[in-house]
Amino acid sequence: MRVALPIALSVALLLTFASLELGAQQPLLIDRVEHHDVDNNGVNVHYVTLGEVVTGETLLFVHGFPNFWYIWHNQMEAFEDEYRIVAMDTRATNRSGKPEGVESYDMPLLLSDINAVIDDLGVDQVTLVAHDWGGIISWQFVMDETYASRVQRLIMMNLTHPRGFSRTLANATPEQRRATEYARTFQQPGVGAGMQRGAAGRAQRLYADQGERVVQFVQEAYERSDVELMLNFYRANYPKEPYVELTDWPQIDMPVLQFHGLNDSAVDQDGLSNTWDWIDGDYTLVTYPGIGHTVQIQAADRVIETMRWWLTTH
């Protein structure tokens, strides 16, 4: 009896501590964000917010195709205790508006969507963090004289400067041309339907390790998105053949941190060359061999560590 009682007590205590630990676990990110909507000339722009403004600064995340705000979940959770975190859905994506017509996706309108979010936040400046199509829009946002002053810093992930991007297209090798064939295909009408049907499987592959609730959440977001309309980003803004190097871009005078996974088959690393010549502010380039297009997912811990260092020194 003298042995049995301590064992029973030990088991009970272990179960109690385990239940307390389980109960103390932080709720899922999808349950902690606050949802917001802002009207931009008749088009709804949806965004989420998270975190405390300990530093007095705001990080605004802009996703690429075919993702939505949750692609940034690692970075959002990593910085929520230091910054006000904001992640938007671009046009045709998730809960944002889905205007018809290719002209509704012209670059000036995409720039104005970012500005509408900044206005709605009530802040003077943000640090823009962008990837893929979010990167295309954000490069141009910080070079537009109307909007440049709204950005304190730019963090870019796997999207080269527009000049480097266009130069690579204009001088593409046969291999590089094959790698960008997808972008010409995306501009054809009707190709979005097949991609829409693959959304459920994409969510399962990317987020299965986060549990069924997250998978379902992501699947529902993909189902709300309209891929055919999202492809208007390409139809309205992707360079048209014959490709030429686009050289008429203003200098960027803010600090820029650029990440690039060197195994990216969609955005060629050749476009990185000379970026330092087009930025007058402090420029930091970080490349990752063996990492592909979604560097914020594939190298999340390293990206977060570098971002934290860079944000505190710029």
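This is a predicted model: local features need pLDDT of at least 70, side-chain atom pairs count only at pLDDT 80 or more; totals for chains, interfaces and linings use all residues.
**Exercise 1. Work out how S6 pairs with S5 and with S7.**

*Solution.* 
- Two strands pair if DSSP finds at least two bridges between them.
- On one side, S5 (residues 126-131) pairs with S6 in the parallel sense over six bridges. Here Leu-128 stands opposite Leu-154 of S6.
- Follow the chain from S5 to S6: the path goes through helix H5 (residues 133-143), and this β-α-β crossover is right-handed. That term applies if, with the strands pointing away from the viewer, the path from the first strand over the helix to the second runs clockwise.
- S6 is also joined to S7 (residues 256-261) by four bridges, again in a parallel run. Leu-154 has Val-256 as its bridge partner in S7.

**Exercise 2. Find the residues with the most contacts inside the largest nonpolar core.**

*Solution.* 
- A nonpolar core is a set of buried Ala, Val, Leu, Ile, Met, Phe, Trp, Tyr and Cys residues joined through side-chain atoms within 4.5 Å.
- The largest one has 53 residues, and Leu-60, Ile-114, Val-117, Leu-128 and Trp-139 have the most contacts inside it.
- Helix H4 (residues 107-121) gives the most to this core, with eight residues.
- Now zoom in on Val-117. Leaving out residues up to four places away in sequence, Val-117 touches Val-38, Val-45, Tyr-47, Leu-60, Val-86 and Met-88; contact means heavy atoms within 4.5 Å.
- Another core, of 41 residues, lies apart from the largest one and includes Val-33, Leu-59, Phe-68 and Phe-217.
- As background, nonpolar side chains tend to be buried together in soluble globular proteins.

**Exercise 3. Classify the aromatic pairs Tyr-70 with Phe-217 and Phe-186 with Tyr-234.**

*Solution.* 
- Rings of Phe, Tyr and Trp (its six-membered ring) pair if their centres lie within 6.5 Å; planes under 30 degrees apart count as stacked, over 60 as edge-to-face and the rest as tilted.
- A search of the whole structure finds 22 aromatic pairs.
- For Tyr-70 and Phe-217, the centres are 6.1 Å apart and the planes are at 65 degrees, so this pair is edge-to-face. Tyr-70 is in the loop between S3 (58-62) and H3 (73-79), while Phe-217 is in helix H11 (residues 212-224), 147 residues apart. Both Tyr-70 and Phe-217 are buried.
- Phe-186 and Tyr-234 are edge-to-face too, at 5.1 Å centre to centre and 80 degrees between the planes. Phe-186 belongs to H8 (residues 181-186) and Tyr-234 to H13 (residues 232-237), 48 residues apart. Both Phe-186 and Tyr-234 are buried.
- Phe-186 and Tyr-234 also belong to one aromatic cluster, together with Phe-65, Tyr-105, Trp-133, Phe-165, Tyr-182, Phe-233 and Tyr-238.

**Exercise 4. Locate the backbone features at Asn-41, Asn-158, Pro-66 and Pro-242.**

*Solution.* 
- Most residues other than glycine have a negative phi, and most peptide bonds are trans.
- Asn-41 has a positive phi, near 50 degrees, and is in the loop between S1 (34-40) and S2 (43-50). Asn-41 counts as exposed because its relative accessibility is 77%.
- Asn-158 also has a phi near 50 degrees, in the loop between S6 and H6 (162-170). At 0% relative accessibility, Asn-158 counts as buried.
- The peptide bond from Phe-65 to Pro-66 is cis, with omega near 0 degrees; Pro-66 lies in the loop between S3 and H3.
- The bond from Glu-241 to Pro-242 is cis as well, and Pro-242 is in the loop between H13 and S7.

Technical notes: Residues are numbered from 1 along each chain as its sequence is written. Side-chain values use heavy atoms; hydrogens and water are left out. Helices (H or I, at least four residues) and strands (E, at least two) are DSSP runs, numbered from the N terminus. Buried means under 20% relative accessible area, exposed over 50%, partly exposed in between (1.4 Å probe, protein chains only).
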